[in-house]
Amino acid sequence: TPDAVISDALVKMGHAWRLAGEAKVPAAAQWITDFLESGEPLVVFYEHKNVKNQLAPLLDKAIGADRWTFIDGSVNAQEKFRRVEAFQNGEVDVILSSKAGREGIDLVRATNLLFVEYWWVPAQMEQAEDRIHRATQKGQVTIYYLLGLDTFDEHVDALIQGKKQIIRQVMGEELAD
């Protein structure tokens, strides 16, 4: 049936998307480590829990467990805000977050954000970007996207760019990209 074909295709796409994220973990750990040599704090967003779980021991080894923290669905609201406060106060240099950190928090200590993985919906990525793009932000913000060449990432990037173009056209905005 057509529904079964679509369902099977979505499962395969989801699997390819997760594998692309996992394949980027070593490069992400190296990128984060190299970036921290600048002395600047960093916000990192990811999609899949496996990415965070594989990235964690690499960061522990490369920069030390005391220099980073994370927010995801396993972190209750009180602990989430404690971790945000630790980041904002300079107690940790890196905060990793799933979509659980894309709303309701300010991370303006950072002016740099890295997406290890793309998200399907441009508005969700923009919400995540807004965590450092706040009215109280004093510096110029830079957003980085870790794109896996010759992976599913290229397809997701094209999809996201197409969605952004449609949104801008509907809203009557100039196309910046």
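Author: One definition to start: rings of Phe, Tyr and Trp pair if their centres lie within 6.5 Å. Keep in mind that this is a predicted model.

Reader: How many aromatic pairs by this rule?
Author: The count is 7 aromatic pairs. In one of them, Phe45 and Phe115 have ring centres 5.8 Å apart and planes at 25 degrees, so the pair is stacked. Planes under 30 degrees apart count as stacked.

Reader: Where do Phe45 and Phe115 sit in the chain?
Author: Phe45 is in strand E1 and Phe115 in strand E4, 70 residues apart.

Reader: Is Phe45 buried or exposed?
Author: Phe45 is buried, at 0% relative accessible area. Phe115 is buried too, at 1%.

Reader: What about Tyr118 and Tyr145?
Author: They form a stacked pair, 5.7 Å centre to centre, with 20 degrees between the planes. Tyr118 lies in the loop between E4 and H5, and Tyr145 in strand E5, so the pair ties together parts 27 residues apart in sequence. Tyr118 is buried at 6%. Tyr145 is partly exposed at 32%.

Reader: Which residues do ring pairs link into a cluster?
Author: Phe45, Phe115, Tyr118 and Tyr145.

Reader: New topic. How do E4 and E5 run?
Author: Parallel, joined by 4 bridges. From E4 the chain crosses through helix H5 (residues 122–129) to E5, and this β-α-β crossover is right-handed.

Reader: And the surface? Which residues make the nonpolar patch?
Author: Ile166, Ile167, Val170 and Met171 make a patch of about 430 Å². Val170 is in helix H6 (residues 152–171). With 66% relative accessible area, Val170 is exposed.

Definitions and conventions:
Residues are numbered from 1 along each chain as its sequence is written. This is a predicted model: local features need pLDDT of at least 70, side-chain atom pairs count only at pLDDT 80 or more; totals for chains, interfaces and linings use all residues. Side-chain values use heavy atoms; hydrogens and water are left out. Patches are made of residues with over 30% relative accessible area and no salt bridge: like charges are joined within 9 Å, nonpolar side chains (Val, Leu, Ile, Met, Phe, Trp, Tyr) within 5 Å. Accessible areas come from the Shrake-Rupley method with a 1.4 Å probe; for residues, only the protein chains shown count as cover. A salt bridge is a side-chain nitrogen of Lys or Arg within 4 Å of a carboxyl oxygen of Asp or Glu. Helices (H or I, at least four residues) and strands (E, at least two) are DSSP runs, numbered from the N terminus. Buried means under 20% relative accessible area, exposed over 50%, partly exposed in between (1.4 Å probe, protein chains only). Two strands pair if DSSP finds at least two bridges between them. A crossover is right-handed if, with the strands pointing away from the viewer, the path from the first strand over the helix to the second runs clockwise. Rings of Phe, Tyr and Trp (its six-membered ring) pair if their centres lie within 6.5 Å; planes under 30 degrees apart count as stacked, over 60 as edge-to-face and the rest as tilted.
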